[in-house]
Amino acid sequence: MTVSAAMSLSLCASPASAATVGGVIAWGKTDFGVTAPPAETLTGVTAVSAGTTTVLALKGGAVLAWGANNWGANEVPAAASSGVSRIA
């Protein structure tokens, strides 16, 4: 299980097991949509990283992002769409 927290946000990526499919759970201040993970993050996520207004998740080697999109933070570059092993 990976847990990450920012100023007013907490995240948990629960690993897949026989009983679960692994997905993002978010709670805290609801500003910028950071506590509303997109549907594609509800299964198969292995890591999460929280910022104040943007969230990153790792799924199958690809980085997913959501939140305020300040300065293009949610626009994941093509180089991060596969082959990524860790996020911070």
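Before you click on anything, one term: a residue is buried when its relative accessible area is under 20%, exposed when it is over 50%, and partly exposed in between, using a 1.4 Å probe and protein chains only.

Now some ground rules. What you have open is a predicted model, where local features need pLDDT of at least 70, side-chain atom pairs count only at pLDDT 80 or more, and totals for chains, interfaces and linings use all residues. Residues are numbered from 1 along each chain as its sequence is written, and side-chain values use heavy atoms, with hydrogens and water left out.

**Start with the whole chain**

Switch to cartoon view. You'll find six strands and zero helices, so the order from the N terminus reads β-β-β-β-β-β (helices are DSSP runs of H or I, at least four residues; strands are runs of E, at least two; numbering starts at the N terminus). Of the 88 residues, 36% count as buried.

The protein exposes about 4800 Å², and carbon and sulfur atoms supply 59% of that (Shrake-Rupley method, 1.4 Å probe; for residues, only the protein chains shown count as cover). As for contacts, meaning heavy atoms within 4.5 Å, take those between residues at least 6 apart in sequence: 31% of them join residues at least 24 apart.

**Color by confidence**

The mean for the protein is 80, and 75% of its residues reach 70 or more. Select residues 9-16 for strand S2, which has the lowest mean pLDDT among the elements, 60. Then select residues 62-67: that's strand S6, with the highest mean, 92. Where pLDDT is low, the predicted coordinates should not be read in detail.

**Zoom in on Ser49**

Select residues 45-50 to bring up strand S4, and pick out Ser49 within it. What lies 2.7 Å from a polar atom of its side chain? Show Ala88 and look at its backbone oxygen. This is a polar contact (N or O atoms within 3.5 Å, one able to donate a hydrogen and the other to accept it within protein; residues adjacent in sequence count only if both atoms are side-chain atoms).

**Finish after S6**

Move on to the segment after S6 and select Asn69. Its phi is near 60°, a positive value in a residue other than glycine. Asn69 is partly exposed, with a relative accessible area of 29%.

Last stop: Trp71, also in the segment after S6. Is Trp71 buried or exposed? At 85% relative accessibility, Trp71 counts as exposed. Trp71 isn't a glycine, yet its phi is positive, at about 55°.

Definitions and conventions. pLDDT = per-residue confidence, 0-100.
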